[in-house]
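Please look over the sequence and the model before reading on.

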Amino acid sequence: MATKAGSQKEFIVTNEQGEETKYLFQHPGVKGGVQLRGRSKDMNGNLDEEKYFNELMTKVIVQPKTNWEYWDENEGFNEVMKEASTFLMG
């Protein structure tokens with residue numbers, strides 16, 4: 001039986017010029033995923049997207065390393081965040 005912790009997935013985004021960027025996701029494990037979502041909530045228990053996306057960039061997207069500045073200069077933010085979130089929850 002495969003464990004989630006440490007499992008990886010590659011996701012490719014193709015920009016309008018046809019250039020591909022490969023993103024490597026790594027699963028933090030079930031407990032790590034629950035903790036990540038816990039840290040991403042506001043004081044009312046609602047998901048804070050900024051915190052959540054920051055957690056995905058820090059803990060799930062391992063290559064290339066991304067941050068807010070990275071996304072100001074690169075396409076695919078919504079695609080990558082959606083796929084990283086799906087991978088985390090899968």
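Which residues does R37 touch, not counting residues up to four places away in sequence? R37 touches Y52, L88 and M89, where contact means heavy atoms within 4.5 Å.

## Basis of the values

This is a predicted model, in which local features need pLDDT of at least 70 and side-chain atom pairs count only at pLDDT 80 or more, while totals for chains, interfaces and linings use all residues. Residues are numbered from 1 along each chain as its sequence is written, and side-chain values use heavy atoms, with hydrogens and water left out.

Helices (H or I, at least four residues) and strands (E, at least two) are DSSP runs, numbered from the N terminus. Burial is by relative accessible area: buried is under 20%, exposed is over 50%, and partly exposed is in between (1.4 Å probe, protein chains only).

## Helix α1

Helix α1 spans residues 30–39, and G32, G33 and L36 are buried in it. These residues cover an arc of only 100° around the axis, which puts them on the same side of α1; the arc is that of the directions from the helix axis to the C-beta atoms. In general, an α-helix has 3.6 residues a turn, so residues three or four places apart point the same way. The cover over the buried residues of α1 includes α2 (49–60) and α4 (77–89). On the face turned away from the buried side, α1 carries the exposed residues V30 and K31.

R37 also lies in α1 and counts as partly exposed, at 24% relative accessibility. Its C-alpha atom is separated by 9.0 Å from that of K51, 14 residues apart along the chain.

## E55 in helix α2

E55 is a residue of helix α2. At 13% relative accessibility, E55 counts as buried. Leaving aside residues up to four places away in sequence, E55 touches L36, R39, S40 and V60. L36 is one of the buried residues of α1.

## Helix α4

The 13 residues of α4 should span 18 Å at 1.5 Å a residue, and the end C-alpha atoms are 18 Å apart, which agrees. The expected span is 1.5 Å times one less than the number of residues.

Buried residues in α4 are V80, M81, E83, A84, S85, F87 and L88. They pack against β1, β2, α1, α2, β3 (61–63) and α3. L88 is also among the residues touched by R37.

## Aromatic pairs

Rings of Phe, Tyr and Trp (its six-membered ring) pair if their centres lie within 6.5 Å; planes under 30 degrees apart count as stacked, over 60 as edge-to-face and the rest as tilted. By this rule the model has nine aromatic pairs. In one of them, the ring centres of F11 and F25 are 6.1 Å apart and the planes are at 25°, so the pair is stacked. F11 belongs to strand β1 (residues 8–14) and F25 to strand β2 (residues 20–26), so the pair ties together parts that are 14 residues apart in sequence. F11 is buried at a relative accessible area of 16%, and F25 is buried at 0%.

Y23 and W71 have ring centres 5.7 Å apart and planes at 25°, so this pair is stacked. Y23 is in strand β2 and W71 in helix α3 (residues 68–73), so the pair ties together parts that are 48 residues apart in sequence. Y23 is buried at 1% relative accessibility, and W71 is buried at 9%. One aromatic cluster is formed by Y23, Y52, F53, W68, Y70, W71 and F77. Of these, Y52 is touched by R37.
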